[in-house]
Amino acid sequence: MSLDGAFSHLTIEVSDLDKSEAFYRDVIGLDVLGRNLVAENRPTSLLAMNTRQRVLLVEVPDVPPYPASGGSIHHAWLLNIDQFIRARDRLEALGYETGIDPRQSFRAVGEYNMDIHDPDGNRFQIQAFGEEATEVLASGAGTVACGRIEDFPVGSVTRFAEGRFFLVRNDDGFLALSAWCTHKNGITIWQKESWHFYCPFHGAKFDRGGCYKGHMGCAPLRLNPVSIGGDGTVSVDTDRFYARDRYDPAQAVAPRPGAEFDGTGLEPLTVSYDKPTPRKRSHG
Ligand code: FES
């Protein structure tokens, strides 16, 4: 299925049309277009977002209660970070608690979220991604001495937590893959049983060459340069990052003393060292 731009409207069952219309108008900030404007034999209210989507409230006798366990059923609005800050300030002024994020531990760097429930308990997520979600983040670990060539057999994947990278030894040599997910700066993990890197934040998967497998269109994991000393020590420079659009055997460093990463044709990236911090509340 392909979409003509975006989805059209969202239909929400409510138990009290007046109460819910007031919530979506005064709290969420939608514009009321009118009552009973659509072919529906129950009372309705049609509201407009500032995009071309609509929200249709339909009054029904019984709205199923939101699962006590929390569940994962919800709708989400994606805002830019300035809209998010304005929305947060507005909700707080209306007496809502905005600091509650039941899935905080699953959020990627720069991913901000507020949960809000309508009068019937329908859960809405208000979401935004700050600029830190796509920054290239260095750990500050500098050059990491990983071990000797023979410590890493062909097929091995070794995680270096301090430098936030994986050292991969494949048939072509050594690759150092940055652990930061290229989607929105989640931290990937190596799932040996599936032979891929996995980002638990939104489910991205990358093969052993660091290339993305899926439909989100993520770039391959970034490379940190590998060098091999005269004594066979494998080192990784965690201060430098390179972007690429595919895996090429030339990106791997041959397993012999004196070999080093050749970034020819790859894009060196500008790095941020600062720990990401959420926008300050005064930035509204
Ligand atoms: S941050 Fe979204 S999948 Fe990794």
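Author: Before we start, a residue is called buried if 20 or more other C-beta atoms lie within 10 Å of its own, exposed if 12 or fewer, and partly exposed in between, with C-beta atoms placed from the backbone.

Reader: How much of the 284 residues in the protein chain is buried?
Author: Buried residues account for 27%. This is a predicted model, where local features need pLDDT of at least 70, side-chain atom pairs count only at pLDDT 80 or more, and totals for chains, interfaces and linings use all residues. Residue numbers start from 1 along each chain as its sequence is written.

Reader: What are the dimensions along the principal axes?
Author: The C-alpha trace of the protein chain spans about 80 × 45 × 35 Å.

Reader: Which domains are assigned?
Author: Domain 1 (6–63), domain 2 (76–133) and domain 3 (143–268); the bounds come from an automatic or database domain assignment.

Reader: And how many Å separate the centres of domain 1 and domain 3?
Author: The separation is 49 Å, taken over C-alpha atoms.

Reader: Switching topic, how many helices and strands?
Author: The protein chain has two helices and 19 strands. Helices (H or I, at least four residues) and strands (E, at least two) are DSSP runs, numbered from the N terminus.

Reader: What is the strand order in the open sheet of three strands?
Author: The order is 8-17-16, with antiparallel pairing; two strands pair if DSSP finds at least two bridges between them.

Reader: Which are the edge strands there?
Author: Strand 8 (143–148) and strand 16 (226–228), each pairing on one side only.

Reader: Over how many bridges do strand 16 and strand 17 pair?
Author: Three, in the antiparallel sense, with strand 17 covering residues 233–237.

Reader: What is the bridge partner of V226 in strand 17?
Author: V226 is partnered by V236.
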